[in-house]
Amino acid sequence: MKIIEKVEIDSVTDVMCDVCLCSTRANVGLEFATLQAHWGYGAKHDGERYELHLCESCFFGTVAYLKQERRIQNLFSEEVGIEANEPNSTFGLVASEDYFRDDVGSKL
């Protein structure tokens, strides 16, 4: 026997980008990136937690900034294997062609 009642629940209906304040709602759901930090014992920010939600544009702008910082920090580095000065570096990319988020796409 089915018993049907109206139930009120809280649900996430949208996530706003913390940088540009745009909606991350897309045709198929919410499309956003999350930048998180939880600083532990010994860190200058011990006990602090951060969580930022970024739209696609702001996320890739942030990645571009971090790539540039990496290039600057390693400008005169002689270490072998540092891709700092390669313009098409896969900095941070862990999978591609993972269209259905099932981890079947190519791993890097």
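Residues are numbered from 1 along each chain as its sequence is written. In this predicted model, local features need pLDDT of at least 70, side-chain atom pairs count only at pLDDT 80 or more, totals for chains, interfaces and linings use all residues, and side-chain values use heavy atoms, without hydrogens and water.

**Fold and surface**

Along the sequence they follow the pattern β-β-β-β-α-β-β. Helices (H or I, at least four residues) and strands (E, at least two) are DSSP runs, numbered from the N terminus. Of the 108 residues, 12% are buried (under 20% relative accessible area, 1.4 Å probe, protein chains only). The accessible surface is about 9,800 Å², by the Shrake-Rupley method with a 1.4 Å probe. Carbon and sulfur atoms hold 55% of that surface.

**The largest pocket**

A pocket is an open set of points on a 1 Å grid over the protein atoms alone, where a 1.4 Å probe fits, with protein on both sides within 12 Å along at least five of seven lines. The largest pocket holds about 930 Å³ of space, the volume filled by probe spheres set on the points. Its lining counts 28 residues, each with an atom within 4 Å of a point. Ala 33, Phe 59, Phe 60, Leu 93 and Ala 95 lie nearest the centre. The elements giving two or more residues to this lining are β3 (33–38), α1 (56–73) and β5 (95–96). The largest share, seven residues, comes from α1.

| Class in the lining | Count |
|---|---|
| Nonpolar | 16 residues |
| Polar | six residues |

Key:
Ala, Val, Leu, Ile, Met, Phe, Trp, Tyr, Cys and Pro count as nonpolar, Asp, Glu, Lys and Arg as charged, and the others, Gly among them, as polar. Buried means under 20% relative accessible area, exposed over 50%, partly exposed in between (1.4 Å probe, protein chains only).
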